[in-house]
Amino acid sequence: MDTMRERFAATLTRLLDEDPRVAVVLAEIGRDGFVEAGRRHPDRVINVGIREQLLIGTAAGLAMTGLRPVAHTFASFLVERPFEQVKLDFGHQDAGGVLVSAGGSYDWPAGGYSHMAPGDVALLDTLDGWTVHVPGHPDEAERLLRHAVAAGDDKVYVRLSVQQNSAPRPVTGDGFVTLRHGREGAVVAVGPMLDNVLAAVEGLDVSVLYAPTVRPFDASSLRAALGGRADVVLVEPYLAGTSTPAASDALADIPHRVLGLGTARRELRRYGTIEEHLAAQGLDPRALRQRISGFLGLAVAAA
């Protein structure tokens, strides 16, 4: 199976051929995936070098000329480092474009904390009007990228990850996918966390929703999935609690509880592997089962 990032490069190369509005802006990272596309479309494949603020400014400038720009690099360099440009050049100028990240929260632990961005989605939440897709499989990444590029002049963030689920789900780019209904609360699994969540809740009488698109937050699907209890667990592959306010707003008119699980604020000062980071963050199936069942008050055997 190819990775999400490999699928991204292949899909965007086809989109460059199909749509003369599409342009890609790189900051050195990812350039090898667009060598051939650059030969065919030298005016729409732009590498600004290791200048992340310029990456965002160039993309927004292209948008203001009528193009549909796609900017790509690691999440820490795409959202965090040039955040002022994201806020002003896209937001203040009301320009539309697609930001596609790699690296996620800890996809490349050996790269150190400078290459990790657990707070990227929370940071974008401080801005208005951003759609956020978090695919969990390369097929979903392709579908959501095409949806993002075709989304008029909207501002869209697509968060790619090395971690991925074993099978794709029928994502549309709008809202959550309800996988099953239960009576003892609802668990929302975001993007690549789905396989771990499904393993963790096996045998539990809970609803499971899959969230490949987290902004706008799908309040109606969450409310419809609740059984007898308005208890919600959010399992996100980035900063814990990022979507807790959105879930609470969705349930504001009824008594409810929300547990936000994800990456902690504390920095893990070891390289390790993705699997070791998941375990340390309590996001592997065994830890998730304990945390979910404990919050919901369900007495179950360990997974």
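These questions and answers look at a helix contact and some salt bridges in a predicted model.

Reader: At what angle do helix α1 and helix α7 cross?
Author: Helix α1 covers residues 4-18, and helix α7 covers residues 138-149. Their axes come within 9 Å. The crossing is right-handed. The angle is roughly 35 degrees.

Reader: How many residues of the contact of α1 with α7 are charged?
Author: On the α1 side the contact includes Arg-7, Arg-14 and Glu-18. The α7 side includes Asp-139, Glu-142 and Arg-146. The contact also has eight nonpolar residues and one polar residue. The charged ones number six.

Reader: Is Arg-7 buried or exposed?
Author: Arg-7 forms a salt bridge with Asp-2, with the closest N and O atoms 2.7 Å apart. Asp-2 is partly exposed at 24%. The cut-off for buried is under 20% relative accessible area. Arg-7 has 14%, so Arg-7 is buried.

Reader: Which strands hold Arg-257 and Asp-231?
Author: The side chains of Arg-257 and Asp-231 meet in a salt bridge, 3.2 Å from N to O. The two residues are 26 apart in sequence, so the pair ties together separate parts of the chain. Arg-257 lies in strand β12 and Asp-231 in strand β11.

Reader: What is the relative accessible area of Asp-253?
Author: Asp-253 meets Arg-223 in a salt bridge of 2.7 Å, N to O. Arg-223 sits in helix α9, and Asp-253 in the loop between α10 and β12. Arg-223 is partly exposed at 36%. Asp-253 is exposed, and its value is 57%.

Conventions:
Residues numbered from 1 in each chain as written. Predicted model: local features only at pLDDT ≥ 70, side-chain atom pairs only at ≥ 80, totals over all residues. Heavy atoms only, no water. Axes fitted to C-alpha atoms, helices over the stretch in contact; angles between N-to-C directions. Helix = DSSP H or I, 4+ residues; strand = E, 2+ residues; numbered from the N terminus. Left-handed = near helix turned anticlockwise from the far one by under 90°. Contact = heavy atoms within 4.5 Å. Nonpolar A, V, L, I, M, F, W, Y, C, P; charged D, E, K, R; others polar. Salt bridge = Lys/Arg side-chain N within 4 Å of Asp/Glu carboxyl O. Buried < 20%, exposed > 50% of the residue type's maximum accessible area, 1.4 Å probe, protein only.
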